Amino acid sequence: MGAPSSPSSAPPPPPDEPSPRLLRLRCAVQHYEWGRHGDASLVARLAAANDPAFQIDPALPYAELWMGTHPTAPSVVLPAGEPLHDWLARNKDALGSAVKGGDLPFLFKVLSVAKPLSIQAHPDKALAEELHGLRPDTYKDANHKPEMAIAITHFRALFGFVGIEELKDVIRTVPEVGGLIGHEDAGKLITVKENHGDNDAKSILQSAFAKLMMASKETVSEAVNKLKDRLNDESKIRTLTEKEEVILSLERQYPEDVGVLAALLFNYVKLSPGEAIYIGANEPHAYLSGECIECMATSDNVVRAGLTPKYRDVKTLRDMLTYKQVFPEILRGVPVPAMEPYVRRYTPPTDEFEVDRCLLPPGEVVVMPPALSPSIFLVMTGEGEIQVDSILDGENAKEGDVFFVPANTEVKLSASGHASMQLYRAGVNSASLKACNTVVTGKKIPAANYVG
């Protein structure tokens with residue numbers, strides 16, 4: 001829906017200006033149609049707090065706040081308005097020796113979800129390169145997009161395929177799905193066992209999913225309407241399950257969409273504030289509702305196949321998925337010893353990023369030791385001060401403020417006012433960076449050759 005609300009850029013400052021250790025950023029907003037409208041959106045409220053000139057339009061959706069250097073919606077450095085990417089090109093030392101490529105390897109976001117996002121997956125690097133080469137207008141970069149979502153409010157999502165027993169239950173009790181899958185594949189799914197060979201089980205599930213997703217529009221429309229009518233009738237004589245209520249909600253928002261039926265094959269995930277999930281390459285998912293912090297490798301590649309008016313690449317999605325049948329691990333962050341009890345770290349199994357969540361009561365102080373990589377800080381709530389490298393004059397920090405901190409910089413946070421200050425920090429995965437510096441066969445691996 002239109003272009004993002006982006007801050008304007010300005011000419012760079014003179015090249016002999018010393019490199020600062022703390023930068024204020026102004027960040028862009030994406031107005032995707034699934035976003036929350038007006039000041040009901042956390043994204044809108046943060047953007048307005050970040051920029052005094054930002055006006056919230058109650059008729060507009062405010063879906064995502066982007067913090068980083070992705071060219072689709074780049075952040076700019078205040079006060080001049082120079083794009084952060086350009087500033088980094090002039091100040092390469094800010095990235096540290098651990099980061100190669102001359103740019104941030106991660107993209108940091110806030111999402112405000114009012115309406116379900118598409119059923120989608122993100123390609124691995126090899127597939128991303130292939131898709132970008134074939135269809136650069138749709139797949140605009142050649143990078144993979146592993147991502148992690150940390151709930152700010154209660155957050156709902158679909159993620160990954162349900163286990164064997166739940167899948168059998170769907171086939172037995174939802175004739176609308178069984179009918180589209182067909183008698184042969186439905187029979188195979190009913191008889192497959194938990195310890196069945198992984199490749200055989202994957203093959204059966206892939207075949208069934210493909211038949212469902214590639215069924216004719218007329219057949220899908222008829223099946224969705226039958227399911228809707230049946231559940232509405234049954235709701236008069238029994239209490240529907242939470243998953244069935246989700247299905248009816250999806251149908252109201254995306255009538256006659258195959259994604260309504262496909263949702264029955266996916267795990268329904270409920271996150272409380274502070275809980276998170278990691279989404280690796282080629283895993284199906286769809287965010288349903290709520291607000292979250294999201295961090296990912298710097299990419300905007302999305303392969304969609306349902307619950308969307310956008311382009312659907314069903315064949316690519318069918319072929320790329322892992323077809324793993326497991327409920328996702330719920331991450332709750334791990335206390336960071338040097339910063340306890342105020343900081344919890346979320347470390348995904350990917351090199352590009354990690355996220356710290358800091359909850360600092362009024363009057364308290366926490367010092368974050370220098371990181372080997374650059375960081376972006378977002379103040380979610382509260383107020384206080386941020387200082388770097390023991391410089392006496394810190395910067396005021398309040399709700400909506402976003403800061404860039406170069407690599408190898410100590411950060412001291414202090415909270416003031418009557419409420420706790422809540423901040424989120426994104427940086428390169430520190431566990432991976434430390435692993436880069438371990439000795440292997442008597443030689444140290446240069447970190448610059450590891451993170452990209």
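Asn-408 lies in the loop that runs between strands β23 (402-405) and β24 (411-416), where helices (H or I, at least four residues) and strands (E, at least two) are DSSP runs numbered from the N terminus. The model is a predicted one, in which local features need pLDDT of at least 70 and side-chain atom pairs count only at pLDDT 80 or more, while totals for chains, interfaces and linings use all residues. Residues are numbered from 1 along each chain as its sequence is written, and side-chain values use heavy atoms, with hydrogens and water left out.

**Backbone geometry**

Most residues other than glycine have a negative phi, and most peptide bonds are trans. Asn-408 has a positive phi, near 60°, and with a relative accessible area of 43% Asn-408 is partly exposed; here buried means under 20% relative accessible area, exposed over 50%, and partly exposed in between (1.4 Å probe, protein chains only). Tyr-323, in the loop between α11 (314-320) and β16, also has a positive phi near 60°, but Tyr-323 counts as buried because its relative accessibility is 4%.

| Cis peptide bond | Omega | Loop of the proline |
|---|---|---|
| Leu-78 to Pro-79 | about 5° | between β6 (76-77) and β7 (82-83) |
| Glu-340 to Pro-341 | near 0° | between β16 (334-335) and β17 (343-346) |

**Nonpolar cores**

A nonpolar core is a set of buried Ala, Val, Leu, Ile, Met, Phe, Trp, Tyr and Cys residues joined through side-chain atoms within 4.5 Å. The largest such core holds 53 residues, and within this core Val-177 and Phe-209 touch the most other members. Helix α7 (residues 198-213) gives the most to this core, contributing six residues. When its neighbours within four places in sequence are left aside, Val-177 is in contact with Val-170, Ile-171, Leu-261, Leu-264 and Leu-265, contact being defined as heavy atoms within 4.5 Å. A second, separate core has 45 residues, including Met-67, Phe-106, Phe-353 and Tyr-424.

Trp-87 is found in helix α2 (residues 84-90) and is buried, because its relative accessible area is 4%. Between Trp-87 and Asp-300 there are 213 residues of separation in sequence, and their C-alpha atoms are 22 Å apart in space.

**The chain as a whole**

The chain contains twelve helices and 27 strands. Of its 452 residues, 54% are buried. Among contacts between residues at least 6 apart in sequence, 77% join residues at least 24 apart.

The radius of gyration of the chain is 23 Å, which agrees with the value near 22 Å that a compact globule of 452 residues would have; the radius is taken over C-alpha atoms, and the globule rule is 2.2 Å times the number of residues to the power 0.38. Along the principal axes, the C-alpha atoms fill a box of roughly 70 × 60 × 45 Å.

The chain exposes about 19,200 Å², of which carbon and sulfur atoms supply 53%; accessible areas come from the Shrake-Rupley method with a 1.4 Å probe, and for residues only the protein chains shown count as cover. The mean positions of its 46 positive and 59 negative charges are 3 Å apart, with Lys and Arg counted as positive, Asp and Glu as negative, and His and the chain ends not counted. The place of each charge is taken as NZ of Lys, CZ of Arg, CG of Asp or CD of Glu.
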